[in-house]
Amino acid sequence: MVKIHGLPFSTCTTRVLACCHEKEVEYEVIPVNLMAGAHKQKPHLDLNPFGQIPALQDGDLTLFESRAITRYLSKQQQGTDLLGGTVAEQAMVDVWCEVEAQQYNPPCSAVVQQIVIIPAKGGKTDEEVVKINLEKLSKVLDVYEERLAKHNYLAGDFFSLADLHHLPYTHYLVHAARKGELITSRPHVSAWWERISTRPAWQKVSQNMKR
Ligand code: GS8
């Protein structure tokens, strides 16, 4: 049983939880009280020196960075293969994992931050920041539309870590920021989102996320 220090509705935590479900890894979520600032103090700083969630403990091994944790979990034999079979497939998974982290996540998380998280904390949405990031995200999704016209999933015709990494922020983009038209206006992206978000693993995890 692995221990996941985080929150069951937090994007980076749910990325790890989705992977646990796909890989059939048993886990226990140990809540971190962000409101009380527990993530900025010991003992949490011993788990993640950057004072963020999530962190994973598997016996003596402690990991942080959600995408590194999912890579670790994906190396387990059981459950869905998320890394690709051949060297070429594995390389394509790496490419599209990088695309998620470097191209997709920055604008997508900025939109969610501005429309959902800042107002929830009593702040005001900066419409200019929203506009700039929606434009950036649209351009990224145009590339996805071309890619997904040729393949069912980002790395090829198999579900992989690259697709899984998109689930948390896209969920909040669609259901909380109400920007679903970015997805539905692109037929291949829309079919891909339907394919990946209806997977049983994500259905279980996303039940605990705000809509
Ligand atoms: C980001 C972790 C992160 O931002 C990862 O694990 O993927 N690259 C890291 N965690 C957020 C919660 S999820 O949006 C967090 O801990 N925020 C509180 C803070 O930064 O103080």
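Which helices each supply at least two residues of the shell around the ligand? They are α1 (11–23) and α3 (66–74). Helices here are DSSP runs of H or I with at least four residues, strands are runs of E with at least two, and both are numbered from the N terminus.

This is a predicted model, where local features need pLDDT of at least 70, side-chain atom pairs count only at pLDDT 80 or more, and totals for chains, interfaces and linings use all residues. Residues are numbered from 1 along each chain as its sequence is written, and side-chain values use heavy atoms, with hydrogens and water left out.

Start with the ligand. Its surroundings include S10, T11, C12, H39, K40 and Q52. I53, P54, E65, S66, R67 and Y169 are also among them. A residue counts as near if one of its heavy atoms lies within 4 Å of the molecule. By class, the shell has 4 nonpolar, 5 polar and 3 charged residues. Ala, Val, Leu, Ile, Met, Phe, Trp, Tyr, Cys and Pro count as nonpolar; Asp, Glu, Lys and Arg count as charged; the others, Gly among them, are polar.

Now look at polar contacts, pairs of N or O atoms within 3.5 Å. A polar side-chain atom of E65 lies 2.7 Å from a ligand nitrogen. For H39, a polar side-chain atom is 3.3 Å from a ligand oxygen. In Y169, a side-chain N or O atom is 3.5 Å from an oxygen of the ligand. Alone, the ligand exposes 520 Å², and the protein buries 73% of that. These areas come from the Shrake-Rupley method with a 1.4 Å probe.

E65 sits in the loop between β4 (61–64) and α3. Its phi is positive, about 70 degrees, although E65 is not a glycine. P54 lies in the loop between α2 and β3 (55–58). The peptide bond from I53 to P54 is cis, with omega near 5 degrees. Another cis bond joins K42 and P43, with omega about 5 degrees. P43 is in the loop between β2 (27–31) and α2 (44–47).

Finally, turn to the rings. The whole structure has 5 aromatic pairs. Rings of Phe, Tyr and Trp (its six-membered ring) pair if their centres lie within 6.5 Å; planes under 30 degrees apart are stacked, over 60 edge-to-face, and the rest tilted. Y104 and Y144 form a stacked pair, 5.6 Å centre to centre, with 20 degrees between the planes. Y104 is in α4 (residues 87–120) and Y144 in α5 (residues 127–150), 40 residues apart.

Methods
Polar contact = N/O pair within 3.5 Å; in protein donor to acceptor, adjacent residues only side chain to side chain.
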